[in-house]
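Q: Could you go through this one with me? I have a few quick things to ask.

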Amino acid sequence: ERVSERHSPCLTLVRPTLLCRCGFCQDPISSGRGAFSYQMHPGDPLPYHPDCYRHVHHPLCNVCGQYIAASSEGVISYRENGFWRERYCTTHADSELTRCCACSRLQKHGAEWAPLPDGRPLCLQCLSTVVLDTPDAQPLYDDVLAFYAREMNLPHAYKPPLCLVDGATLNSHAAAEGRDDSASAPVFHVRGLCVAHVYSHISTIVRGPNGLISTVTRELRSATTANRVRCEVKALLLLYGLPRLLSGSIMAHELMHAWLRMEGVVGLSSKVEEGLCQLMAGLWLDRQHELLKEVSTAPLNTLNWTGLVSLPFMLQLVAFDWIV
């Protein structure tokens, strides 16, 4: 998103009648003798020394750390990084920017991040609660299953295996399931997948008492009823290397797909089914918000997990349907 701000140029007055103080350092702008310079912002009635004005109102680039240059008319143009409102120079091309694969924060020049083995960059905030492999994800998986059973009264008939995989494996299975997003989405767009098999019992063609036989079309239509469909959830696949909150919300999303399949629910429109899954992901994150309020008043020695700092961003991911 490109944003422009208009800033007033530096003004010079000669022999003022009033003694003004800087709105930042509180030092006098002038002793009252001779000429002096000050600067003001359109939405701020206070005057500032030119250097102090930069500290208060001049935006800094979150990538290079330099003040964003203004035009001769005093207009400062910059881009903002979505949710985090990180401002950066318009001269930085998208190919030069490094974004966290989980939260989309921008990497500052000189900052050290932890790249994952497949090359995805991960910021230090997300690294603090990263879920790296299948055994590491099992406690969180059990928590999400318990959330379904105890708080939502939607227990699963059985516990499907959860596997953390790399992006190539996940994308290949997604293509086999008919969810190939490679043509219109960035790499690793698919971060979770419910692998299920649907078995339909199709009746054979037989001759009735009156000598007539049923048509193939009629039998195929009757075979699509709920009592003729059996589903088996083989596994849940999750992209490895994501932080706890994002991993848990994806698990909650895919477990709703699994619950529907275990209940024999097939044929829902994509928007309806994905909406239900996103609802469950959002409800799970809401529960994490409640837990955050509880742990904020708990003794420090009882806190055994972190990672709720980015909770508002994860809620936005669900709201805008970015988790798939």
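Q: Leaving aside its neighbours within four places in sequence, which residues is His257 in contact with?
A: Once neighbours within four places in sequence are set aside, His257 is in contact with Cys194, Glu273, Glu274 and Cys277, where contact means heavy atoms within 4.5 Å. Please keep in mind that this is a predicted model, in which local features need pLDDT of at least 70 and side-chain atom pairs count only at pLDDT 80 or more, while totals for chains, interfaces and linings use all residues. Residues are numbered from 1 along each chain as its sequence is written, and side-chain values use heavy atoms, with hydrogens and water left out.

Q: And where is His257 found, buried or exposed?
A: His257 is found in helix α6, helices being DSSP runs of H or I with at least four residues and strands runs of E with at least two, numbered from the N terminus. His257 is buried, with a relative accessible area of 7%; buried means under 20%, exposed over 50% and partly exposed in between, using a 1.4 Å probe and protein chains only.

Q: How do α3 and α6 pack?
A: Helix α3 (residues 134-151) and helix α6 (residues 244-262) have axes 10 Å apart, at an angle of about 50 degrees. The axes are lines fitted to C-alpha atoms over the stretch in contact, and angles run from 0 to 180 degrees between N-to-C directions.

Q: What does that make α3 relative to α6?
A: That angle makes α3 oblique to α6, since under 35 degrees counts as roughly parallel, over 145 as roughly antiparallel, 65 to 115 as roughly perpendicular and the rest as oblique.

Q: Which residues make the contact?
A: On the α3 side they include Leu140, Val144 and Tyr148, and on the α6 side they include Ser247, Met251 and Leu255.

Q: Tyr148, then: buried or exposed?
A: Tyr148 is buried, with a relative accessible area of 0%, and Phe147, at 5%, counts as buried too.

Q: How many aromatic pairs does the structure hold?
A: The structure holds one. The rings of Phe147 and Tyr148 have centres 6.2 Å apart and planes at 90 degrees, so this pair is edge-to-face; rings of Phe, Tyr and Trp (its six-membered ring) pair if their centres lie within 6.5 Å, with planes under 30 degrees apart counted as stacked, over 60 as edge-to-face and the rest as tilted.

Q: Switching topic, which ring face does Arg105 lie over?
A: Arg105 lies over the face of Trp84, at 3.9 Å from the ring centre. The criterion is that NZ of Lys or CZ of Arg is within 6 Å of the ring centre and within 35 degrees of the ring normal.
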